[in-house]
Structure formats: structure tokens, C-alpha cells
Amino acid sequence: MRPRLSGDLRRANRVEVMRSFYGGRTLTRGDVAAQLGVSVATVGTIIGELTAAGLLEETQSARSAAGGRPASRLRMRAAAPYLVGVDLAETHVIAEIFDQAMTRVGHFQLPVAPTDDDPDSVVGHVVDTVQGVIAALDGVSAADVAGVGVSLPGQVDREGGVSIHAPNWGWHGVPFKSLFQKRCDLPVLLDNPLKAITLAEMMFGEAGDHDDSVVVNLGTGVGLGVVAEGRLLRGRTNSAGEWGHTVLVADGRPCHCGSRGCVEAYIGAAALLDLLTEVDPDSPLLVPGDQAATVARLAEAAARADPVAVATLERFARPLGMALANAVNMLNPELLVVGGWVSAAFGEPLLAAVEPVVKEFSLTVPYDAVTLAASRIADNPVSLGMAVLAFETFVLP
Ligand SMILES: [Zn+2]
């Protein structure tokens with residue numbers, strides 16, 4: 001059981017009140033109280049603490065409906081300290097820096113070569129990128145940064161700061177946090193990209209308006225995040241959402257996780273390239289060794305109804321729709337957000353192709369309750385989610 005002491009509850013309440021203001025919202029105490037279903041007095045106490053800590057500020061006043069004293073509005077203070085969110089992926093490391101109101105003020109990116117799998121070397125790229133994004137911002141130094149949130153692919157032990165297993169690099173038990181802190185003394189925390197993306201969708205996307213939602217990430221790897229009764233589901237070992245490694249086909253294709261028939265082996269970007277090759281082995285849309293370029297060409301060709309691209313998308317929609325239907329049947333969400341770079345490349349045509357398949361394989365009652373939507377977050381949701389976690393860990397009292 002997790003501890004449920006009053007100190008934890010007070011902190012949890014501060015997090016909930018603070019989250020009401022993300023995304024540039026200006027709200028009265030009454031708005032927050034109504035949203036969270038608690039008394040205005042309780043919200044007033046917490047807002048007092050957050051204002052005293054320099055996190056919220058009063059803006060203009062709103063005339064109350066009853067015509068009495070105007071209710072003052074509050075918003076997050078755009079100020080130092082800054083937070084850095086890092087998206088470390090198989091092919092790149094992206095660091096973005098945000099002010100305290102979670103507005104992105106800088107971006108810095110370095111490539112990671114496929115052969116570059118030595119932990120020291122990868123951590124070195126991360127530190128270089130963090131230092132690069134800070135150095136690029138005029139008048140800002142490391143002293144103005146409260147902390148760094150780093151997203152690592154695979155299984156991550158947040159408390160210990162350890163990468164338990166990153167299959168792409170063959171990592172087992174890499175002490176990422178201590179390697180980072182040998183090179184850089186900024187406070188750092190780790191998490192997995194699925195958790196970061198889901199938090200970003202909860203705070204800045206449509207998932208925040210629904211208590212039960214699923215956020216699907218389609219890229220080289222695939223996975224999903226679960227919001228259940230308004231909370232991010234982590235599971236016992238922070239592994240909740242490893243939908244990419246649930247089995248879609250008994251004894252099917254081998255997966256790089258070591259199992260067979262996984263969802264990811266059928267709908268990861270590599271599988272999409274395999275489908276294109278099956279449809280037309282000599283397709284000019286294929287860019288050997290470059291998933292991103294091939295998917296971009298494929299999406300552009302599908303948009304102009306190129307028959308090879310359309311046939312590839314239709315074949316891709318079958319396993320994708322089946323796997324999404326499994327998520328609908330298992331989790332009964334109100335909203336299913338589809339994001340990630342593969343989804344972003346195709347846009348609406350992907351959802352249009354997949355929706356009938358989801359309907360075919362879902363039970364009627366949960367299907368009728370769910371809305372499918374493409375992610376609308378324009379920024380990199382991984383670095384945004386990690387910056388939010390860094391803010392809540394290193395800044396929020
Ligand atoms: Zn797998």
C-alpha cells in the first residue's frame with residue numbers, strides 16, 4: 001500500500017490545484033473549487049501557499065455573477081526557475097527548456113547513432129544537450145534551472161534512477177541518474193516516455209477533460225498510457241501501458257523484446273515499412289534504412305490517394321484497429337487519443353482507416369462510449385511531460 005498520510009494528501013492537493021492552471025489558464029478560486037469538487041475555503045488555503053511560493057499570481061478581476069465583490073483571477077507566474085525536459089529516443093536526444101508557467105522557451109537536439117549504445121556515451125549526449133539548451137538561452141545559466149526530467153525508452157525505475165531494461169541498446173540495470181550526476185550537478189529524475197506523453201495529454205491536451213482516457217503512442221516502438229478515474233496509472237513497477245508487448249498473434253512474428261506475436265511487431269514503424277515492401281517491393285516511397293523519411297513519403301502519397309500507399313495504410317489499419325479494440329475492451333475509456341510521430345505523419349486518414357476496424361473488434365457498449373481523436377499537442381509531448389514532472393518534483397512545495 002502507498003502511504004496516505006496527511007502530508008502526502010496536502011502535497012497531492014497542491015499538485016491538483018497547480019495542474020488546474022497549466023496551459024496558461026486564468027481561473028478564480030471558485031473555478032478551481034468547482035473543477036476539483038472541493039470547497040472554496042480549501043482551495044483558497046492552497047492557492048495562498050502557492051502564491052506565497054511565487055508560483056501563482058493575481059491577474060485581473062472577474063465580476064461575480066451575483067454582482068458582489070469581484071473575484072480575483074490567478075495564473076501561473078512566468079518566471080525562473082526554468083525546467084528542462086529531455087526526450088532520449090533511439091535516434092535522437094531532444095532537450096527543451098520551459099519557464100515556470102510551462103511555456104517552451106528553447107530547444108536543442110543532437111542525433112544518436114544506432115551503433116552508439118554505450119551508457120557513458122549516451123549519458124554524455126544527454127548532458128551535452130541539456131547544457132546546450134541552457135547555453136542557447138540569453139541571460140540564463142544552470143543556476144536558474146530547478147531540475148531536469150529525462151525520458152528513457154524501456155523499463156525505468158524512477159526511485160532508483162536506473163534504466164532496468166532498454167532493449168534497443170541492450171541495457172540492463174544501467175545507473176543512469178548517477179552517471180548523469182557525475183557530469184552535471186542539476187537535480188534529475190527519470191521516467192518512461194509513455195508516462196510523459198500521457199501527462200502532457202492530461203495537462204495540455206484533450207485527455208484532461210475526461211476521467212478515463214487512453215493515450216496511444218505510435219512510433220518505432222508503440223505503447224499507451226492510461227488515465228483511470230482522473231489519475232495516471234503506473235502499476236506496481238511503472239510498467240502499466242506496455243500494450244506494445246501484449247500478444248496480438250499466437251506464436252507470431254518475433255519481437256525485439258524476446259517474445260513473439262507482440263502488437264509492436266505488427267504496428268511499429270518497422271512493420272509499416274515491411275507492409276509497404278509486401279505491397280510493392282520496388283516502391284519509390286521506400287527510403288532504405290530511414291523509417292522517418294519512408295513514413296513521411298508514405299503519408300504524403302496516401303493523402304493524394306496513391307494506390308500503393310492506400311493499400312499499405314489499409315493493411316496497417318487491421319492489426320492497429322484490432323490492438324486498439326483490445327484496449328477499448330479492456331480499459332473502457334471515454335477518449336482514445338492517438339499520437340506519436342507515425343500518427344502525426346498521417347493525420348486524419350489514419351484514424352479514418354482504423355475506426356471501422358476498432359468498431360469491428362470492440363464490444364458494442366465500450367465502443368459506443370469511446371471517441372477516437374488525433375493528438376493536438378503541437379510541442380514534443382515527451383519533453384513537455386518530463387518538464388512537468390521536474391516542476392512538480394523540484395519546484396512545487
Ligand atoms: Zn514484444
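Good morning. The structure is a predicted model, in which local features need pLDDT of at least 70 and side-chain atom pairs count only at pLDDT 80 or more, while totals for chains, interfaces and linings use all residues. Residues are numbered from 1 along each chain as its sequence is written.

I begin with the whole protein. It contains 14 helices and 16 strands; these are DSSP runs numbered from the N terminus, with helices being H or I of at least four residues and strands being E of at least two. The C-alpha trace spans about 70 × 50 × 45 Å along its principal axes. For 397 residues, a compact globule would have a radius of gyration near 21 Å, and the 22 Å of this protein agrees with that. The radius is taken over C-alpha atoms, and the globule rule is 2.2 Å times the number of residues to the power 0.38.

I turn now to a helix pair. Helix α8, residues 269-279, packs against helix α9, residues 291-303, at an angle of about 55°, with the axes 10 Å apart. This makes α8 oblique to α9. Angles under 35 degrees count as roughly parallel, over 145 as roughly antiparallel, 65 to 115 as roughly perpendicular, and the rest as oblique. Axes are lines fitted to C-alpha atoms, for helices over the stretch in contact, and angles run from 0 to 180 degrees between N-to-C directions.

Which residues of α8 and α9 meet? From α8 come Ala269, Ala270, Leu272, Leu273 and Leu276, and from α9 come Gln291, Thr294, Val295 and Leu298. Contact requires C-beta atoms, placed from the backbone, to lie within 7 Å.

Finally, two single residues. Valine 148 lies in strand β7, residues 145-151. Is valine 148 buried or exposed? Valine 148 is buried, because 28 other C-beta atoms lie within 10 Å. A residue is buried with 20 or more other C-beta atoms within 10 Å of its own, exposed with 12 or fewer, and partly exposed in between, the C-beta atoms being placed from the backbone. Leaving aside neighbours within four places in sequence, the contacts of valine 148 include Val84, Leu186 and Ala390.

Asparagine 380 lies in the loop between β16 (371-374) and α14 (381-394). Asparagine 380 also counts as buried, with 22 C-beta neighbours inside 10 Å. Beyond its neighbours within four places in sequence, asparagine 380 is in contact with Asp87, Ile94 and Glu96.

Note on methods
Two residues are in contact if their C-beta atoms, placed from the backbone, lie within 7 Å.
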